[in-house]
Amino acid sequence: MPDRISSGPAAANPESVPRDLLDLLRRILEHERKRGFDNRAVVGGLDGFVAGWLARWPSPLQGSLTPLVIPLSHYADQSPGDRRKAIDDALRRIGQFETVPLAQPRP
């Protein structure tokens with residue numbers, strides 16, 4: 001496995017973007033876990049990645065992601081134990097998002 005995971009280009013199919021973005025975050029968080037919560041799974045650290053990841057979501061859906069990203073806030077400043085808890089919590093919440101249909105924004 002590479003030292004870092006590329007976030008890659010946005011999905012070509014707009015309807016698949018939310019699922020693709022959830023999968024991307026899940027893979028990054030799992031990679032961070034495997035690295036021992038060293039905040040080096042992505043270039044620039046997890047704080048910057050999460051901010052960019054959230055910005056890629058359609059605006060109407062961003063608010064529903066707050067419970068998912070709040071535990072990851074200030075990740076660089078957290079202790080390794082707190083980082084572990086934040087990652088575990090975020091992965092659990094991703095699983096919850098993956099089991100319910102995502103509302104698509106109205107045109």
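A residue is called buried when its relative accessible area is under 20%, exposed when that area is over 50%, and partly exposed in between, using a 1.4 Å probe and protein chains only. By this definition, buried residues make up 36% of the 107 residues in the protein chain.

The model is predicted, so local features need pLDDT of at least 70 and side-chain atom pairs count only at pLDDT 80 or more, while totals for chains, interfaces and linings use all residues. Residues are numbered from 1 along each chain as its sequence is written, and side-chain values use heavy atoms, with hydrogens and water left out.

**The whole chain**

Display the protein chain as a cartoon. It contains five helices and zero strands, where helices (H or I, at least four residues) and strands (E, at least two) are DSSP runs numbered from the N terminus. Of the contacts (heavy atoms within 4.5 Å) with a separation of 6 or more, 68% are accounted for by residues 24 or more positions apart.

His31 counts as buried, at 5% relative accessibility.

Now select Phe37, in the loop between helix 1 and helix 2. Phe37 is not a glycine, yet has a positive phi of about 60°; Phe37 is also buried, with a relative accessible area of 5%. Asn39 lies in the loop between helix 1 and helix 2 as well. The phi of Asn39 is positive too, at about 65°, although Asn39 is not a glycine, and its relative accessible area of 15% makes Asn39 buried.

**Helix 2**

Select residues 45-55. In this helix, Gly45, Leu46, Phe49, Val50 and Trp53 are buried.

**Aromatic rings**

The structure holds one aromatic pair. The ring centres of Trp53 and Trp57 are 5.5 Å apart and the planes stand at 70°, so the pair is edge-to-face. Rings of Phe, Tyr and Trp (its six-membered ring) pair if their centres lie within 6.5 Å; planes under 30 degrees apart count as stacked, over 60 as edge-to-face and the rest as tilted. Trp53 is buried at 1% relative accessibility, and Trp57 is buried at 4%.

Finally, select Tyr75 and Arg83. Arg83 lies over the face of Tyr75, 5.0 Å from the ring centre; a charge sits over a ring if NZ of Lys or CZ of Arg is within 6 Å of the ring centre and within 35 degrees of the ring normal.
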